[in-house]
Amino acid sequence: MKTHHRKMPADYIRFGEAWFLLLVARCMLVVLPFRRLAPLLGRDITAESIPLMQNGRQAMAAEISTAIRRGCRHAPFRTMCFEKAIAAKLMLRLRRMPSVLFLGVSFEKGGVKTMKAHAWLQYGDSIVTGGDEMQQYHPVGIFYS
């Protein structure tokens with residue numbers, strides 16, 4: 001038997017916020033060149049200099065992750081990993097929760113070498129977006145804010 005989780009008013013508000021910020025993120029990616037977008041993602045850091053982040057608000061990070069997933073399902077525009085990571089980063093930033101956005105690449109070897117890219121977002125020890133594929137990618141850009 002399937003149980004349904006009753007959504008609270010805060011869930012609907014977070015969904016609306018996530019959907020709107022996914023749209024903002026999509027527009028940013030379409031309009032802004034990366035050199036203008038990068039400073040908005042946070043401070044460019046190396047893997048060795050990632051600061052220790054507190055895990056105090058894991059429940060809120062999980063709720064944001066859920067809201068982003070729900071927003072993607074109802075978006076009539078593209079919502080790939082980069083849009084998800086940017087929107088979640090903005091939601092965390094609005095709550096003064098520091099996060100790290102990773103941009104990674106991988107190379108497929110199958111006849112022709114092709115490069116694939118992926119973005120994921122981390123809060124504390126939790127992966128907020130993009131965690132399902134992150135192991136396949138090598139970070140080439142790390143942004144903290």
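Student: Why does Arg96 count as exposed?

Tutor: Arg96 counts as exposed because its relative accessibility is 76%, and exposed means over 50% relative accessible area, buried under 20% and partly exposed in between, with a 1.4 Å probe and protein chains only. This is a predicted model, in which local features need pLDDT of at least 70, side-chain atom pairs count only at pLDDT 80 or more, and totals for chains, interfaces and linings use all residues. Residues are numbered from 1 along each chain as its sequence is written, and side-chain values use heavy atoms, leaving out hydrogens and water.

Student: Where is Arg96 found, and what is its phi?

Tutor: Arg96 is found in the loop between α4 and β2, where helices (H or I, at least four residues) and strands (E, at least two) are DSSP runs numbered from the N terminus. The phi of Arg96 is near 55°, which is a positive value in a residue other than glycine.

Student: How do you know whether Ser106 is buried or exposed?

Tutor: The relative accessible area of Ser106 is 11%, so Ser106 is buried. Ser106 is found in strand β2, and, leaving aside neighbours within four places in sequence, Ser106 is in contact (heavy atoms within 4.5 Å) with Thr114, Met115, Lys116, Gln136 and Tyr137.

Student: What makes the span of α1 agree with its number of residues?

Tutor: The expected span is 1.5 Å times one less than the number of residues, so the 23 residues of α1 should span 33 Å, and this agrees with its end C-alpha atoms, which are 33 Å apart.

Student: Which residues of α1 are buried, and what covers them?

Tutor: The buried residues in α1 are Asp11, Arg14, Glu17, Ala18, Leu21, Leu22, Ala25 and Met28, and what covers the buried residues of α1 includes α2, α3 and α4.

Student: Which residues of the largest nonpolar core touch the most other members?

Tutor: A nonpolar core is a set of buried Ala, Val, Leu, Ile, Met, Phe, Trp, Tyr and Cys residues joined through side-chain atoms within 4.5 Å. The largest one has 31 residues, of which Ile68, Phe82, Ile86, Leu101 and Val128 touch the most other members. Two or more residues of this core come from each of α1, α2, α3, α4, β2 and β3, and α4 gives the largest share, eight residues.

Student: What is Phe82 in contact with, leaving aside its neighbours within four places in sequence?

Tutor: Phe82 is then in contact with Leu29, Phe34, Leu37, Leu41, Leu101, Leu103 and Ala119.
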